[in-house]
Amino acid sequence: MRLVAEYKHDILCDISSDGRLVLFYRSSYPTRSYRIYGGWVKANQPEVYDDELRVVDLRDGREVSRIRVEFFPENEQFIPGTRQVFYGEPKPRSGGRRQYRVWDVVSGQTRICLDAPEGNFSSVRFLNHQHALGVVSQQEGESLGRLILEGCTRQIIAAADPSDSKKGVRGQLALSPDRCHLAYTLDSTLKEALVRDAATLKVIKRIESPSGLFLGDAIYTPDGKFLLVVASNTIFDKPETKRYLLFYDTTNYEVVRRLDVTSWSQPDVRDDRAVSSNVVGTAMAVSPDSRMLAVAYTSEERGVFSTIEQAHVVLYDLASGSELARASHPAIRQRRDDPFAARVNRIAFTPDGKYMLTSTYDTRVWRIE
């Protein structure tokens, strides 16, 4: 991998379906809300917002358009087949209503798509330029909903977990490349995953984990042949923790292969942290030819007076699990008020497979060689 471009202070959101445009979020106060022992902590969140969404032409780095947004919007992504961006504004701390908007990159205009919907609408996946699916979080639990851009309506279709309406989705929704199937792990037991018909949201397959394993994140390969699910034999890291990548054949959603990936991410059993065993790295993505899996990690080098952190991205061969290449973001000094500065939050390949983008608070563009 060879570094060919870097976008400072730009957090990667999405790449357009033709691979020409990149959507970035820029904030002068990058620290997000994060969880520590005792509850939620919010750091560096300003009262006056000067954050932006901006679209850049990947070919020459030229900025195409930008708009002002509030601190850390949600679900920022291109609407398929258009030059429009969908995003959600966070609910104002001073009160008011959460809004989901559509931004026309060409004209620069925005319009409200949903105003004050009940509950949060997250993990949004577009089926086409008019319809999207997502998770609706309410006090009584999580449900799956459909958003219709024409008319700007949202329908709550079904409980995310049919057996326990108060439980919901573990991680993100995985949408198959043909946009026919929606898959996700159930948070209630971590031993089951559901596959639903994306058009009707009816359950077409209930996946049970192999004996003794707990399921984690799920992702489809771009060729549509497999659903990849991270799994482990423990919920939290222990010396005996083993991690696997399960390959489910999408013709029947049966496990056809189990790849031991414990060496990719060794168990961390320090007393000051509890790492979920059924998570490998901080982000992952499959190359367009379905031959490589990119996984991000954060390393620490502890000194007497400080700790140095560094974000890394490793390319693995999906057939053998062997390492193909690795790249790193610059090392930084750890700050207690900013636990995400050395964390890769997103990895994305361009549709032609020639480039890979990795993002912390900065985004780097790598040419795959």
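Here is a short chat about the fold of this predicted model and one of its aspartates.

Modeller: Quick ground rules: it's a predicted model, where local features need pLDDT of at least 70, side-chain atom pairs count only at pLDDT 80 or more, and totals for chains, interfaces and linings use all residues. Numbering runs from 1 along each chain as its sequence is written, and side-chain values use heavy atoms, with hydrogens and water left out.

Biologist: How many helices and strands are in the protein chain?

Modeller: Both are DSSP runs, numbered from the N terminus: helices are H or I with at least four residues, strands are E with at least two. On that basis the protein chain has 0 helices and 31 strands.

Biologist: Where does Asp362 sit?

Modeller: Look at the strands β30 (355–359) and β31 (363–367). Asp362 is in the loop between β30 and β31.

Biologist: Is Asp362 buried or exposed?

Modeller: Buried means under 20% relative accessible area, exposed over 50%, and partly exposed in between, using a 1.4 Å probe and protein chains only. Asp362 has 16% relative accessibility, so it counts as buried.

Biologist: Which backbone nitrogen does the side chain of Asp362 reach?

Modeller: A polar contact is a pair of N or O atoms within 3.5 Å; within protein, one must be able to donate a hydrogen and the other to accept it, and residues adjacent in sequence count only if both atoms are side-chain atoms. The Asp362 side chain makes one with the side chain of Lys8, at 3.3 Å. At 2.6 Å, the Asp362 side chain also reaches the backbone nitrogen of His9.
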